Every structure is written in C-alpha cells, then in structure tokens.
Amino acid sequence: MSDNAEIKELANFIRDKCKNIVLMLGAGVSTAAGIPDFRSPKTGLYANLARLNLPYPEAVFDIQFFLKNPVPFYTLAHELYPGKFRPTLTHSFIRLLHSHNLLSLCCTQNIDTLERRAGVPSEKIVEAHGSFATQRCVRCRTPFDDAKMKDFVMNYAQKKLIPRCGKKGCGGLIKPDIVFFGESLPPSFFSSQSVVSKADLILVIGTSLTVQPFASLSLYPVPRALINLDLVGDFGMRESDEEREFILLGQCDDIVRELCRELGWEEELMKLWEET
Ligand code: APR
C-alpha cells in the first residue's frame with residue numbers, strides 16, 4: 001500500500017489547487033476487471049502468447065504482421081472483446097472527477113471501452129490507441145457491421161472465419177479500429193496535447209509509460225501524480241525546483257479508494273461503482 005501521507009498530500013493538492021485534471025491511463029487500470037495488462041511478468045498478455053507462434057509478442061498488434069497473417073489477432077480478440085468486463089473502482093473514480101467538474105480529459109491507451117462503460121462522457125475521452133467499438137476494411141476503409149463483427153470474434157475459436165469486406169471487388173481484411181504498431185494515432189490524440197499542457201495535474205494510472213508518443217504526455221512541466229504498481233517513466237527524477245510530483249505505488253483501486261476517503265468522496269465512489 002502506498003504511503004498514506006503522500007495520499008493525504010495529493011488529496012489536499014486536488015482540493016486546494018486543481019480545476020483541470022488530465023488522466024493518462026494504461027492497462028493496469030483494467031486488470032482488476034479481469035483484463036490482463038501487457039507487460040507484467042507472468043500475468044501480462046505478452047508473457048502468455050506462446051501458443052500463437054509469434055516472431056515477437058507485439059507482432060499480434062503489428063499492422064504489417066496482421067496484413068500477412070490475421071490469425072493470431074483473431075485467436076486473441078475474443079479474450080479482449082468488450083461486453084463481458086465491468087469497469088473498476090478506478091474507472092468510477094474518473095467518472096467522479098467529472099461529477100466534481102475536475103475532469104479536463106481522460107487520455108487512455110486502453111481499447112476495452114471501460115471508461116465509457118463507467119459513465120465518463122465520450123467528449124472527455126481520448127482513446128489514443130483506438131478501441132474495439134468500431135471496425136472497418138483495411139483496404140477500402142468501409143465500416144463493417146458491429147453485430148457481424150461480434151459474431152466473427154466470439155465464434156472464431158469454433159469457425160476459424162476471418163471477416164472480410166463485402167464490397168464488390170474488395171474483400172479486404174476487417175480490423176477493429178485499434179491503433180496497431182505501425183499505424184498513426186487518431187487526430188484527437190494530437191489535438192489533446194494543448195489541453196494536457198494546461199492541466200493543473202496530470203494523473204498517470206496503470207501504465208508502464210513504454211509506448212510513444214502517448215508516454216510523452218507525462219513530460220509536460222505541470223504537476224503530476226503516478227498511481228502504479230511500480231515506478232515508471234522519469235517519475236522520481238524531477239529536480240526539487242521543478243513542478244510538484246506525487247508517487248503512489250500499489251494497486252490503483254486501493255489507492256484511488258483511499259484518495260477518495262481523504263477527499264470525502266468514498267461513499268459517492270462506491271455508489272457509482274455499484275451502479276456500473
Ligand atoms: N494497479 C496499479 N498498477 C498496475 C495494476 C494495478 N492493479 N496492474 C498492473 N499495473 C501496472 C503494471 O505494473 C505496469 O507498470 O500497470 C502497468 C501496465 O503496463 P503495460 O502492461 O505495459 O500496459 P500499458 O502501459 O497500457 O501498455 C501501453 O502497449 O502494447 C501496447 O497498445 C498497447 O496500449 C498498450 C501500450
């Protein structure tokens with residue numbers, strides 16, 4: 001569990017100094033929902049892909065690899081597909097920040113749509129790595145029907161059928177609107193940077209800060225806080241005369257709940273979470 005004094009300090013800072021908080025989320029926020037993160041040793045997704053015979057783990061989300069061989073991705077897709085997972089306490093905390101008019105933007109790397117499911121308004125969410133919510137042909141970009149896609153993904157293990165574009169003369173592969181390695185991030189990510197640079201606090205939760213350009217958002221010279229199992233990025237390396245930083249190491253749901261207790265929001269948090 002993280003140092004309680006640091007949680008009290010962060011609660012006081014939020015109460016006294018914050019009007020615009022920007023979130024930076026990673027897969028660690030959804031592990032308590034049952035979705036593995038990517039890089040945790042043993043439990044992370046990348047440590048459990050041996051059955052897919054990949055040249056290297058990230059290939060499953062690499063666009064050039066997918067175009068040549070979409071089988072590993074579709075073998076994995078049903079394990080990640082939204083609908084069977086419930087938002088975590090941390091997702092409800094983000095919804096609570098919005099209710100208290102403190103949420104400026106929720107920039108997430110996660111593709112599970114749990115921020116939306118928790119009730120965070122979509123205009124406050126930047127899905128920097130896309131999401132499973134929609135899909136389209138990689139060749140002609142024609143959108144593909146949601147219900148048909150869900151059927152292909154959920155029945156892939158039995159039918160081994162890969163969805164292809166129905167447009168005459170196309171037949172291109174269908175891919176969810178997830179940003180694969182080798183693809184550019186959506187315009188919403190780049191337009192979010194000015195908002196991040198003006199934040200009173202950047203709250204980084206559940207990410208290894210290993211993937212660019214997303215990770216670079218945490219480098220703006222504004223106050224920042226890390227809520228994570230381990231120390232990541234350049235947290236802990238700020239000079240004393242730089243902007244304030246808070247480092248809270250531990251399970252994000254535990255830390256978030258204690259932070260809400262310090263803010264007098266614990267009851268609201270639990271009520272919001274119970275309603276998801
Ligand atoms: N509470 C706090 N931190 C946690 C928890 C938890 N319950 N569970 C995991 N973590 C931490 C891990 O210790 C790790 O530091 O969250 C971080 C997750 O890091 P990654 O697995 O690398 O996930 P992420 O940072 O989201 O990956 C970024 O990589 O593969 C690409 O596109 C993919 O969006 C993904 C990107």
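Q: How many salt bridges does the structure hold?
A: The structure, a predicted model, holds 11 salt bridges. The term denotes a side-chain nitrogen of Lys or Arg within 4 Å of a carboxyl oxygen of Asp or Glu. In this model local features need pLDDT of at least 70 and side-chain atom pairs count only at pLDDT 80 or more, whereas totals for chains, interfaces and linings use all residues. Residues are numbered from 1 along each chain as its sequence is written, and side-chain values use heavy atoms, with hydrogens and water left out.

Q: What makes the contact of Glu-9 and Arg-244 a salt bridge?
A: The N to O distance between the two side chains is 2.6 Å, and the criterion requires a distance within 4 Å; the contact therefore qualifies. This pair links distant parts of the chain, 235 residues apart: Glu-9 belongs to helix 1 (residues 4–17) and Arg-244 to the loop between strand 7 and strand 8. Helices (H or I, at least four residues) and strands (E, at least two) are DSSP runs, numbered from the N terminus.

Q: Why is Glu-9 called partly exposed?
A: Its relative accessible area is 41%. Buried means under 20%, exposed means over 50%, and partly exposed lies in between (1.4 Å probe, protein chains only), so Glu-9 falls in the intermediate class. Arg-244, at 32%, is likewise partly exposed.

Q: Why does Glu-127 count as buried?
A: Glu-127 has a relative accessible area of 13% and is therefore buried. Glu-127 forms a salt bridge with Arg-116, the closest N and O atoms being 2.6 Å apart. Arg-116 is partly exposed at 38%.

Q: Why is the ring pair of Tyr-74 and Tyr-156 called tilted?
A: Rings of Phe, Tyr and Trp (its six-membered ring) pair if their centres lie within 6.5 Å; planes under 30 degrees apart are stacked, those over 60 are edge-to-face, and the rest are tilted. By this rule there are 16 aromatic pairs. The centres of Tyr-74 and Tyr-156 are 6.2 Å apart and their planes stand at 40°, so the pair is tilted. Tyr-74 lies in helix 3 (residues 71–80) and Tyr-156 in helix 7 (residues 156–159), 82 residues apart. Both residues are buried.

Q: What makes the pair of Phe-189 and Phe-190 edge-to-face?
A: The ring centres of Phe-189 and Phe-190 are 5.1 Å apart with planes at 85°, so the pair is edge-to-face. Phe-189 is buried at 0% relative accessibility, whereas Phe-190 is partly exposed at 45%.
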